[in-house]
Amino acid sequence: MRAFKAAIRAFAFASLGLLSVATARAEDIVVTHYGSLLYGVPYAIAMEKGYFKEAGVDVTGILTSKGGGTSVRNMMAGDTLFAEVALPAALAAIKEGFNIKIISGGTNGRSSFWVTRVGEALDKPADLKGKRFVYSRPKSVSEAITLSALKSWDITAADVKMVAIGDFGAGLTALEHNKVDVAIIPEPIYSQKEKAGTKYKTLGWLDEKLPAYAQTVGIATDEAIAKKGPQLKAVIEARRKGVEFLHANPKEAAQIVAKAYNLPLDVVTNAIANVTKMNPTWWGTGQLEMPLMQSMADALGSVGALQLPVDWKAATDPQFAPAAAKTQ
């Protein structure tokens, strides 16, 4: 009987140990605008193809946010492993004393259409003065890029009216109802509107003077970096494989994303093709592109949205990114 009890006790302890291991390995991550914009494409592919588990991390859920500082707060509040967020939001959080680091690159450069209503007299920089521009949230990529694009044409924030509206779809509704004059349409929203027959006048010249810049980055808390380094590296590796799969297999990638995002296949196919045509390297493979990050920081600083300089050594931890990122 004593031996039997000992065996039961040993089995119970072993079971608890297995449970704790399983619990420790199950992780959630945050991806800005997941399910609505294309930042999450590599993660959807990685989830479907099993790249996370293959790399050594059990990602059980991909949480979303509506951009800006919300993504950072969602990661902190949910005690999640990792987040891909707008670089302006990451820098703002670091400046505010959040215990986080930038650990990988995400997306870089142009990926959206600037539009106004058909027939609007917006054909040159001088026409922008007095117009209403819509963006998602404070400290978001859309705010920083809008202000920087205006500044590149010597148009200040005081020369226009900036309207924060949250959801990009709501911004387009506001545009269509003459509540704003210029909106950014990211994909797949542009392809959805195009399929529905909505017509816009595109302003392709508006951001043509902008230098290359980083849009989103991967971040983690100092605690996660100290305790869950292998899992963080695995997330970045799985995302990298997702990007490579996207470029090698665009048709299958579109099918995966259409399922994950609950969108029509033709919309997703067109959206991915549009972004790839506009900017073939928009989805980076995880490198910390320091010149592109500095370009975004400079843009933010030039419009008073960020206090410069950025202490990049304090703000980043390059140990988890692909090897090429470690040469700055």
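Me: What kind of model is it, and how are residues numbered?

Reply: It is a predicted model: local features need pLDDT of at least 70, side-chain atom pairs count only at pLDDT 80 or more, and totals for chains, interfaces and linings use all residues. Residues are numbered from 1 along each chain as its sequence is written, and side-chain values use heavy atoms, with hydrogens and water left out.

Me: How many helices and strands does the protein chain have?

Reply: The protein chain has 14 helices and 10 strands. Helices (H or I, at least four residues) and strands (E, at least two) are DSSP runs, numbered from the N terminus.

Me: And what share of the residues counts as buried?

Reply: 52% of the 328 residues. Buried means under 20% relative accessible area, with a 1.4 Å probe and protein chains only.

Me: What about contacts between residues at least 6 apart in sequence?

Reply: Of those in the protein chain, 79% join residues at least 24 apart. Contact means heavy atoms within 4.5 Å.

Me: On to sheets. What is the strand order in the sheet of 5 strands?

Reply: β2-β1-β3-β10-β4, an open sheet with mixed pairing. Two strands pair if DSSP finds at least two bridges between them. β2 and β4 (100–105) are the edge strands, each pairing on one side only. From one strand to the next, the twist averages 30 degrees.

Me: Which helix packs on that sheet?

Reply: Helix α5 (residues 87–95), touching β3, β4 and β10 (216–221). The direction of α5 makes about 155 degrees with that of β4. Axes are lines fitted to C-alpha atoms, for helices over the stretch in contact, and angles run from 0 to 180 degrees between N-to-C directions.

Me: How do the pairs run, parallel or antiparallel?

Reply: β1 and β2 run parallel, joined by 5 bridges. There, D28 stands opposite G61 in β2. β4 and β10 are antiparallel, over 5 bridges. In that pair I100 faces T221 in β10.

Me: Why is β4 largely enclosed by the rest of the structure?

Reply: Because 5 of the 6 residues of β4 are buried.

Me: What about the sheet of 3 strands?

Reply: That open sheet has the order β8-β5-β9, with antiparallel pairing. Its edge strands are β8 and β9 (201–202). β5 and β8 pair over 4 bridges, and V115 stands opposite A183 in β8. Helix α7 (residues 168–176) lies across β5 and β8, at about 135 degrees to β8.

Me: Switching to α2. Which of its residues are buried?

Reply: V41, P42, Y43, A44, I45 and A46 are buried in helix α2 (residues 41–49).

Me: What covers them?

Reply: The cover includes β1 (26–31), α3 (51–55), β2 (58–63), β3 (82–86), α10 (229–248) and α11 (250–261). After α2 comes G50, with a positive phi near 80 degrees.

Me: Cavities next. How many turn up at 30 Å³ or more?

Reply: The search of the whole structure finds 3. On a 1 Å grid over the protein atoms alone, a cavity is a set of points where a 1.4 Å probe fits but cannot get out, and lining residues have an atom within 4 Å of a point. Grid points are joined across faces, edges and corners, and a volume is the space filled by probe spheres set on the points.

Me: What lies around the largest cavity?

Reply: The largest cavity holds about 230 Å³ of space. It has 22 lining residues, and the closest to its centre are Y39, S112, V141, S142 and Q215. The elements giving two or more residues to the lining are β5 (112–116), α6 (141–152) and β8 (183–186). α6 gives the most, with 3 residues.

Me: How does that lining divide by residue type?

Reply: Into 9 nonpolar, 11 polar and 2 charged. Ala, Val, Leu, Ile, Met, Phe, Trp, Tyr, Cys and Pro count as nonpolar, Asp, Glu, Lys and Arg as charged, and the others, Gly among them, as polar.

Me: And the second largest cavity?

Reply: Its volume is about 50 Å³. The lining residues of the second largest cavity include Y39, S112, E187 and W282. That lining divides into 6 nonpolar, 2 polar and 1 charged.

Me: Last one. Where does N274 lie, and what does N274 touch?

Reply: N274 lies in helix α12 (residues 265–278). N274 touches F113, E187, Y190 and S191, not counting residues up to four places away in sequence. The C-alpha atoms of N274 and S191 are separated by 8.7 Å, with the two residues 83 apart along the chain.

Notes. Buried means under 20% relative accessible area, exposed over 50%, partly exposed in between (1.4 Å probe, protein chains only). On a 1 Å grid over the protein atoms alone, a cavity is a set of points where a 1.4 Å probe fits but cannot get out, and a pocket is an open set with protein on both sides within 12 Å along at least five of seven lines; lining residues have an atom within 4 Å of a point.
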